[in-house]
Amino acid sequence: MKPRAVAIMGPTASGKTAAALAIARETPAEIISVDSALVYRGMDIGTAKPSAEELASVPHHLIDIIDPTESYSVAQFRAETLRLVADISARGKLPLLVGGTMMYFKGLTDGLDDLPGADPQLRAEIEAEAARIGWPGMHEKLRALDPVTADRLAPNDAQRINRALEITQLAGRPMSELLSGRGKLDLPFDLVSFALEPSDRSVLHARIATRFDQMLGRSDDSGIVAEVAGLRARGDLHPGLPSMRCVGYRQAWDYLDGTIDRAALRETGIIATRQLAKRQLTWLRSMPERIVIDCLAGDPAPAMLKQLAAKQR
């Protein structure tokens, strides 16, 4: 029989980390982070990175593995996760894949696409045009070339709009056309996928606002502003890097540049986090195999453990 792994997916602030830790207290397990922001070292507050005590309570993987100057691809995530699941299973433990980066989950379960590689010159040209007309303008340009891809991307999702335009121009075909017709791959393990989704979106929004206020802290000497100020002081980071485009970090960078005030930092940060949650929920709805659990109905861990026990019978 194939080994078993469990995915705990959900939008930001849905309680994924707490649910995973609760399951790990009941059964021997190790956690594999499925979060494109947690891979970065030195980015702790704005990513809601698990605390030192939480990290020490159960083995965690794919957290603090690269510098903010570096990038981490879906291909790297998939290769590392396949290896980790095999290793954790061999140790007699349950692999828990926990996070909200849906592109990583899709890359793991669906495999990778035969897409053109990065073209630094073309990418720079796209970014230069975006500097003139803005990313919403580039989003409209993408819509004219590939409306299917444009419909699933936010107008300010610079990283993905850039990549979609790059692929479309290099391939001479819409990215959505290149992605169509791909079948599922046969994973070397059985994956049981849980999705923590809110029965009331407004309650999730309130959680998001509370958590962002906690990240912001009471003054610029603490919280995410201080964290981003320290990162800026290194001198080798800039707002175009994937790490600095993470939600919260982009807004804090703008605040430190003086382009927005503290009230706008809070407002834009919360709005961006809500938009992220909306995109995550849209991805989740495209995963019919998921088991949906209301993240607002108390501790979800017992329901997940019950489902897992039933599947073992």
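Select A13 to begin: A13 sits in the loop between β1 and α1. Helices and strands here are DSSP runs, numbered from the N terminus (helices are H or I with at least four residues, strands are E with at least two). By the way, this is a predicted model, where local features need pLDDT of at least 70, side-chain atom pairs count only at pLDDT 80 or more, and totals for chains, interfaces and linings use all residues. Residues are numbered from 1 along each chain as its sequence is written, and side-chain values use heavy atoms, with hydrogens and water left out.

Is A13 buried or exposed? A13 counts as buried because its relative accessibility is 13%, and buried means under 20% relative accessible area, exposed over 50%, and partly exposed in between (1.4 Å probe, protein chains only). Now show what surrounds A13: leaving out residues up to four places away in sequence, A13 touches L204, R207, I208 and R211. Contact here means heavy atoms within 4.5 Å. Check the backbone too, as phi of A13 is near 70°, a positive value in a residue other than glycine. For background, most residues other than glycine have a negative phi.

Next, click on S14, in the loop between β1 and α1 (16-26). S14 is buried because its relative accessible area is 2%. Not counting residues up to four places away in sequence, S14 touches L196, L204, R207 and C295. Which backbone oxygen lies 2.7 Å from a polar atom of the side chain of S14? Draw a distance line to P11 and you have found it. That pair is a polar contact (N or O atoms within 3.5 Å; within protein, one must be able to donate a hydrogen and the other to accept it, and residues adjacent in sequence count only if both atoms are side-chain atoms).

Move along to G15, which lies in the loop between β1 and α1. G15 is partly exposed because its relative accessible area is 33%. Leaving aside neighbours within four places in sequence, G15 is in contact with L196 and R207.

Now pick K16, and you are in helix α1. K16 is buried, with a relative accessible area of 12%. Follow its side chain to the backbone oxygen of P11, which it reaches at 2.8 Å. Setting aside residues up to four places away in sequence, K16 touches I8, M9, G10, P11, V98, G99, G100 and L196.

Before you leave this stretch, colour the annotated residues. One UniProt "binding site" annotation, from an unreviewed entry, covers T12, A13, S14, G15, K16 and T17. UniProt also lists G10, P11, T12, A13, S14, G15, K16 and T17 for "binding site", again in an unreviewed entry. UniProt positions are given in the numbering used here, feature names are shortened, and annotations may be inferred rather than shown by experiment.

Time to look inside. The structure holds 1 cavity of 30 Å³ or more, and about 70 Å³ of space lies in the largest cavity. On a 1 Å grid over the protein atoms alone, a cavity is a set of points where a 1.4 Å probe fits but cannot get out, and lining residues have an atom within 4 Å of a point. Grid points are joined across faces, edges and corners, and a volume is the space filled by probe spheres set on the points. Which elements each supply at least two residues of this lining? They are β1 (4-9), α4 (102-110) and β5 (190-197), and α4 gives the most, with 4 residues. By class, the lining has 6 nonpolar, 3 polar and 4 charged residues. Ala, Val, Leu, Ile, Met, Phe, Trp, Tyr, Cys and Pro count as nonpolar, Asp, Glu, Lys and Arg as charged, and the others, Gly among them, as polar.

Select H139 in helix α6 (residues 135-145). H139 counts as buried, at 3% relative accessibility. Apart from neighbours within four places in sequence, H139 is in contact with A150, L153, A154, P155 and I161.

Then jump to P59, in the loop between α2 (52-57) and β3 (60-61). P59 counts as partly exposed because its relative accessibility is 35%. Not counting residues up to four places away in sequence, P59 touches A29, E30, I31 and K93.

Finish at D64, in the loop between β3 and α3 (74-90). D64 counts as partly exposed, at 31% relative accessibility, and its phi is near 60°, a positive value in a residue other than glycine.

Note on methods. 1 Å grid on protein atoms, 1.4 Å probe; cavity = no way out; pocket = protein on both sides within 12 Å on 5 of 7 lines; lining within 4 Å.
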